[in-house]
Amino acid sequence: MKTAELRQKFLKFFESKGHQIVPSSSLVPHDDPTLLFTNAGMNQFKDVFLGFDKRPYNRATTAQKCVRAGGKHNDLENVGYTARHHTFFEMMGNFSFGDYFKHDAIKFAWEFLTSPEWLNLPKEKLLATVYAEDDEAYNIWLNEIGLPAEKIIRIGDNKGGRYASDNFWQMGDTGPCGPCTEIFYDHGEHIWGGPPGSAEEDGDRYIEIWNNVFMQFNRDEAGNMNPLPKPSVDTGMGLERMAAVMQHVNSNYEIDLFENLLKAAARETGVAFSMEIPSLKVIADHIRACSFLIADGVMPSNEGRGYVLRRIIRRAVRHGYKLGQKSAFFYKLVPDLVKEMGDAYPELKEKQTHIMEALRGEEARFAQTLETGMVLFENAVNSIEKDWVWAQLPTLDIPDLTEKLNSRIAQQTQLKEMQLKDLNPELFQDGGRFYKSVLKGFEDAYDTVKIQFAQDFSGGISIYTASKVPVRFFPIQLNKEILLFINYQPQGTYHFALNKNSWRNFFANPEVEKEICDSIVHYLLKENGLSEVPKLLKGEHIFKLYDTYGFPYDLTADMARELGIELDEEGFNREMEAQRARARAAQNFKADTQLAYEGQDTEFTGYTERKTEAKILALYKGSEPVDELAEGDSGAVVLDRTPFYAESGGQIGDVGYISAGGNRFEVRDTQKIKAAVHGQFGIVVSGRLKVGDSITAEIDNDIRNANMRNHSATHLMHKALRDVLGSHVEQKGSLVTAEVTRFDISHPQAVSAEEIAEVERRVNAAILANVEVKAALMSMEDAQKTGAMMLFGEKYGDEVRVLQMGDFSTELCGGTHVSRTGDIGLFKIISEGGIAAGIRRIEAITGLNALKWAQGQERLVRDIIGEVKAQTEKDVLAKIQAHAAQSKALEKELAKAKAELAVHAGAKLLDNAKDLGAAKLVVAQIDAEAGALRDIVTDLAGKSDNAVILLAAVNDGKASLCAGVSKPLTAKVKAGDLVKFVAEQIGGKGGGRPDLAQAGGTEVDKLPEALNSVADWIKKLL
């Protein structure tokens, strides 16, 4: 059965059962700010289920477009590598709004799936799950449907809490919820996996094809489950999954729809078609998501939904590049998609040209940096080993040595000899700090010295002089420019050489650099008990790919995953935060160069108006003046009149829209081009704008109101800080946004918790007073007589604006503010810290943001009370202290027990060792914590001179391994090789020293077989 036929059959079946066929809603949920994209069939009916909306029907059926590629619901990283993950998918659904319930929902599903008239699936291939406490659903399956009891599986609370279950659906912490029953299809014994609820449930044998959600209860804030007066049904059937079942294939990518798209992807990338190429699957999947998103109005951009779209497009283009396609190809797949899905979704046909143009434009933009970015990525991958070396080795710091050498640096130009008998010779022994100092490089300053490098770095660097006498040098970096190389002779004489040139010059020869790195790696792996260098791509490289070459994080993660490399996400986030800090300091869309504008000034109407009729005086694309801006163009607009506040005095610029009929320009920032000229920076989202057009300029009221609350609160906070901390407090910087007000002050020490509380008390008292906020223009001289302070350090003219909030605050300020202090709402300081010597930074929130923060704190306290089982908030601290004391005592008891267990277990295991002639072999899985394995193995290895030991333990679904080899045997058998051999069989990795090594793995079911393979492997080595 073709996918299109299956889609139509589903809708026709439920139409025959009295359901209204409702068209798919847009992928952009316009009325639900909680969702990035539509990700389920019930999204468009959410208000109906909640009782906020009523439709002329109480039964509905849909084929709903869905995307899961951003936010909480994100399948992007798995697409192409699994049988069933997609960015775009279709969810077939039938819904009852207070009409039928469990009996009919289950019967409808069973009839559609098994009736010869419809899908005619073999009944013996199906099984069902129900919520453990849902006896009603269980009995319907057993007594009315006739499903055998062994094929009805009860699933309890398996997600860590009451009602936290795969078979209990909840819209949120409160609201409609209820049990669900799912139908699974058995692909057969030839596919690995177990039924739901079993240890093997993650396998592919049993696949969920249907889910009936029974909205039966309304969960209140106390957690009580109150029966709904009109229970409802929300059903979901994944179209692609069901198509795979009907077409007798095990992967969604093998169904007819995807097969044709995969062949199209192969055609456009120039590779032979094969189902075994993940990149073709990625491209075929992504063309669906991208085309449907563009058809629903999403365009590639750097934020929100547009950025998710950009990520998907660039991921597809990169996979084409991987297959060898260096030219634009992705947009050419749109006609193939329209052929497959255009009849079901006419918007694809209607907007085919628009979709292709949008994709081709994004491909062209990415092509400009893709190849260079790929080279950077490859170079970064190749530098992983070296980066790890430099990070592992600390620089040597011995004060007495440094002091002696610093006094002679200026005179040292050749090799000298020096007795350093006051230094501890043990420093030069194995494990000494000289061995752990970093080799940053060495420039040969002497023509008579020939450099060669030892294979084993533990012996240092072999340097042969002109007389062919070999000596050993150990490198120590004293600072960035000067290297000390010390040679330790057995007689106790130390020679040193100073290199006054930059060490970086040494790395002019890549082969020499690699030889050095290889030697150091060998030594470091031995010192750290590792078998290989950890593969970790540094955050700075990931960020550069993102920031300079347009590689989204998950695109880099995708490439790294193919090479078995992990990403330094923490380092990347640090780089991102640093960039955000730079951006906050110099705001988005701020012109890099001054715009050449010589026209009239802008009349600012924003103190009294939020919406203004105006005329376009000038347009800019980049920094160049133009006569018009077309759809998709970024630029700046200058108006004769504007309500948009231009960034000044710490307050960010307004955002909003400039419109003229269907022509619409999204204002994303407002900056001053000149002192009295406002520039609205943004992008044309529809139509075009021309110089001379009459337009309507309207700010975003919600953001403006939030800005005003935070700005006015900053004035009150400044006054309160001076009153509480002292008159020495001065403003040193500020940023006022809709989310937060950030205020930097001069203060020599941290602001105490008591002082913060007093500042908050004073500010909130001023807010509760609800005094009028008055603004008046006056001369600077008159303003100074009022005692007004200049809050934001702006440059003012002869006439200034004085802002007064009753007796609480009088400031000079040109920003926008609330009408009365009561409009600010709750005020809360959320952070305080030092940013420089004598400078403290305070961040505060107001209004709904403060309320949201307080509610979050309240939830946290409730959770803590529940976790520690306290009666009231007053009991929490005592409970935590009691738990801590108890935990410490238990840890001591546990450590003692583990030590005793190690002794007893070790003796018993060694007694039962397998005699291989040259060695005694101990291989076992034991009941122990991962950390105890090392102690047991060490104890065993110490009791024999010919033991090979491998112990395994399983905890929390993961296997831990530890191998030990008696030292006399390490020439033949190495623990690191042994543990790696076993770990690779259970989906893990690891390594260590020849005599002791550790590893782990996630495929626990393969552990017994892996352990059984050890004896034969060892025999081959002996």
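Helix α7 is mostly covered, with 17 of its 18 residues buried; buried means under 20% relative accessible area, exposed over 50%, and partly exposed in between (1.4 Å probe, protein chains only). Helices (H or I, at least four residues) and strands (E, at least two) are DSSP runs, numbered from the N terminus. The 18 residues of α7 (residues 278–295) should span 26 Å at 1.5 Å a residue, and the end C-alpha atoms are 26 Å apart, which agrees; the expected span is 1.5 Å times one less than the number of residues. Just after α7, G297 takes a positive phi of about 100°.

The model is predicted: local features need pLDDT of at least 70, side-chain atom pairs count only at pLDDT 80 or more, and totals for chains, interfaces and linings use all residues. Residues are numbered from 1 along each chain as its sequence is written, and side-chain values use heavy atoms, with hydrogens and water left out. The protein chain averages a pLDDT of 81, and 82% of the residues score at least 70; pLDDT is the predictor's confidence in each residue, from 0 to 100. Over residues 393–513 the pLDDT is below 50, and this stretch has 217 contacts in the model beyond near neighbours in sequence, a contact being heavy atoms within 4.5 Å.

Positive phi values also occur in residues other than glycine. K869, with a phi of about 60°, is found in the loop between α21 (847–868) and α22 and is exposed, at a relative accessible area of 63%. D956 has a phi near 55°; this residue, in the loop between β41 (947–955) and β42 (958–965), is exposed, with a relative accessible area of 80%.

The structure holds 46 salt bridges, each a side-chain nitrogen of Lys or Arg within 4 Å of a carboxyl oxygen of Asp or Glu. One of these joins the side chains of K102 and E136 (3.4 Å, N to O). K102 lies in helix α3 (residues 102–114) and E136 in helix α4 (residues 135–145), so the pair ties together parts that are 34 residues apart in sequence. K102 is buried, with a relative accessible area of 1%, whereas E136 is partly exposed at 34%. In another salt bridge, the closest N and O atoms of D654 and R704 are 2.7 Å apart. D654 lies in the loop between β25 (641–642) and β26 (656–660) and R704 in helix α18 (residues 701–725), so this pair ties together parts that are 50 residues apart in sequence. Both D654 and R704 are buried.
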